[in-house]
Amino acid sequence: MKKKLSIIKSGLLALLLIATTSCESWIDVEPTDRLSEDKVFSSQKGFLQSLNGVYAEMNNNSVYGGNLSVGLIDVMAQYYDGGSDNGYTYYYPAKYDYTATSLKNTFESVWSKMYNLITSVNIIIEKCDQTDVLSAQYQKMIKGEALALRAMYHLDLLRIFGPIMSVNATEKAIPYMTLSDQNIQDILTADVVIGKIISDLNQASELLKASDPIITDGVMSQPTAEDDTDLCYRQYRLNYYAVQVLLARANMWKGDKDKALSIAENVISETAAIFPFTSRNTAIGNKPDRVFSSEVIFSLYNTNRINVYRKYFASTLDPRNILSFYGTLDNGRVPDLYDSQNDIRYGMWAAPSEGENDLIFTKYEDVSVKDGSTDHYCYMLPLIRLSELYLIAAECEDNFDQAVSYLNKIRNVRNCPNLEPIDETELKECIISEFRKEMIGEGQMFFFYKRNAMESIPNGASASGVLSMPLNNYVVPIPDSEIDNRM
């Protein structure tokens with residue numbers, strides 16, 4: 001008899017739906033702790049509510065609402081000063097001490113929550129194949145998004161717990177869950193897992209290409225009274241173009257730079273009007289749009305985003321609990337990172353209070369209080385953005401001048417002068433620097449370092465200089481509970 005994980009499918013479904021109601025009044029949950037799947041998926045509305053619940057659960061601090069965006073994974077990228085002893089909250093992840101109980105518990109939470117989410121989308125995928133209550137467009141769109149979510153979750157699990165692909169692609173990595181029955185699945189090698197991820201993304205891409213209104217109507221962040229709102233707000237769904245970026249990410253992880261470049265160039269050419277770069281005035285105005293919302297391809301919608309700021313960055317936090325950048329605006333990591341003070345990204349930093357040194361990251365500060373109104377970008381927690389495609393193109397393009405032009409496109413829209421690297425080595429250093437500036441708070445930098453097997457990276461605990469990075473620091477051990485389940 002096959003062993004099963006400890007999650008009960010019907011209970012998970014109930015949790016998923018309850019999570020949905022916590023964000024919007026999309027469903028009336030019956031007073032019972034076990035809901036009938038047949039009832040939930042008996043209507044198009046039920047399918048949409050279930051998918052909404054998955055997106056809502058991604059805001060959980062264990063995953064994209066904290067650990068896999070602004071918190072844990074960015075600490076491991078050495079953005080922040082982890083502190084001088086184990087009394088600091090982020091000391092162990094900054095030191096890559098995976099034997100520490102607190103850090104083991106954190107990754108246990110990441111692992112279990114991610115596989116919970118995977119089970120949720122597997123239920124939706126299975127029901128999409130069994131139903132006749134969905135219109136053709138909605139069947140393709142819902143299944144496409146669910147497949148893309150499954151691939152995204154597995155990709156991030158692979159990037160955390162799997163090996164460095166360029167070092168050992170045939171090493172055992174993670175299970176790839178395609179069914180909702182919760183039976184224990186074999187742990188697959190990294191090359192097999194990445195193949196399954198790309199397969200899911202390709203299938204999702206085909207479904208969304210035939211159904212996603214973003215292709216013809218854009219993001220539709222301001223629907224009219226005539227619009228079907230279930231087809232709107234496409235920046236907050238894994239839309240067709242977000243899937244293309246995930247395909248580029250997956251192919252970069254696989255090592256297929258030619259394919260990644262082709263995808264990046266195609267999306268750049270197709271989306272100039274859909275995801276325009278944010279203007280300088282919008283980024284630094286009275287109500288600054290520090291997430292550069294117009295160019296965000298996929299984001300969580302988090303009405304409690306201010307709590308993310310308060311948990312990680314607020315100046316009222318105990319210094320041992322706060323994520324801070326080492327040094328001041330004049331001496332430390334910020335001036336070391338930004339070569340121009342005219343850079344609009346430079347404005348994301350502030351001193352916690354007069355006389356204190358370490359700087360606070362204000363990207364997710366509550367700006368709605370500036371004038372009493374609320375714009376949708378106040379609730380954005382970006383996970384995929386346009387600039388990543390330009391940086392992928394710069395990294396993959398064989399034509400040196402063209403690669404530099406992709407890099408400088410990002411710098412120009414950020415109000416920075418052109419760079420003129422003299423060779424491939426200097427170009428790569430420039431790409432790393434721009435990637436660090438672009439992706440802070442979005443959980444991508446650690447994966448960049450890992451993919452490139454970088455053995456020295458900027459040291460978050462000092463004003464300048466690098467940290468020696470043994471390659472085993474990049475591979476997080478699979479949680480003990482998962483190993484125990486297999487015994």
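Predicted model: local features only at pLDDT ≥ 70, side-chain atom pairs only at ≥ 80, totals over all residues.
## Helix 7 against helix 9

Let's start with helix 7 (residues 136-161) and helix 9 (residues 190-209), whose axes come within 8 Å and cross at roughly 155 degrees. An angle over 145 degrees counts as roughly antiparallel, so helix 7 runs roughly antiparallel to helix 9. The crossing of these two helices is left-handed.

Helix 7 contributes residues including Met141, Gly144, Leu147, Ala148, Ala151, Leu155 and Leu158 to the contact, and helix 9 brings, among others, Val193, Ile194, Ile197, Leu201, Ala204 and Leu208. Charged residues take part too, among them Lys140 and Arg150 of helix 7 and Asp200 of helix 9. By class, the contact of helix 7 with helix 9 has 14 nonpolar, three polar and five charged residues.

## Helix 11 against helix 16

The crossing of helix 11 and helix 16 is left-handed.

On the helix 11 side you will find Val245, Ala248, Arg249 and Met252, which meet Glu388, Leu389, Ile392, Glu395 and Cys396 of helix 16. The residues of this contact divide into six nonpolar, three charged and no polar.

## Aromatic pairs

Across the whole structure, a search finds 28 aromatic pairs. One of them joins Tyr240 and Tyr241 in an edge-to-face arrangement, 5.1 Å centre to centre with 75 degrees between the planes. Both tyrosines are buried: Tyr240 has 9% relative accessibility, and Tyr241 has 3%.

Tyr241 also pairs edge-to-face with Phe275, at 6.3 Å centre to centre and 85 degrees between the planes. This pair links distant parts of the chain, since Tyr241 sits in helix 11 and Phe275 in the loop between helix 12 (257-270) and helix 13 (280-284), 34 residues apart. Phe275 counts as buried, at 1% relative accessibility.

Elsewhere, ring pairs link Tyr79, Tyr80, Tyr90, Tyr309, Tyr312, Phe313, Phe325, Trp349, Phe361 and Tyr364 into a cluster.

## Positive phi angles

Two residues deserve a glance at the backbone. Tyr96, which is not a glycine, has a positive phi near 60 degrees. You can find Tyr96 in the loop between helix 5 (91-95) and helix 6 (101-130), where Tyr96 is buried with a relative accessible area of 6%.

Ala453 also has a positive phi, of about 50 degrees, without being a glycine. Its place is the loop between helix 19 (445-451) and strand 8 (456-458).

Note on methods
Residues numbered from 1 in each chain as written. Heavy atoms only, no water. Helix = DSSP H or I, 4+ residues; strand = E, 2+ residues; numbered from the N terminus. Buried < 20%, exposed > 50% of the residue type's maximum accessible area, 1.4 Å probe, protein only. Left-handed = near helix turned anticlockwise from the far one by under 90°. Contact = heavy atoms within 4.5 Å. Axes fitted to C-alpha atoms, helices over the stretch in contact; angles between N-to-C directions. Parallel < 35°, antiparallel > 145°, perpendicular 65-115°, else oblique. Phe/Tyr/Trp six-rings, centres within 6.5 Å; stacked < 30°, edge-to-face > 60°.
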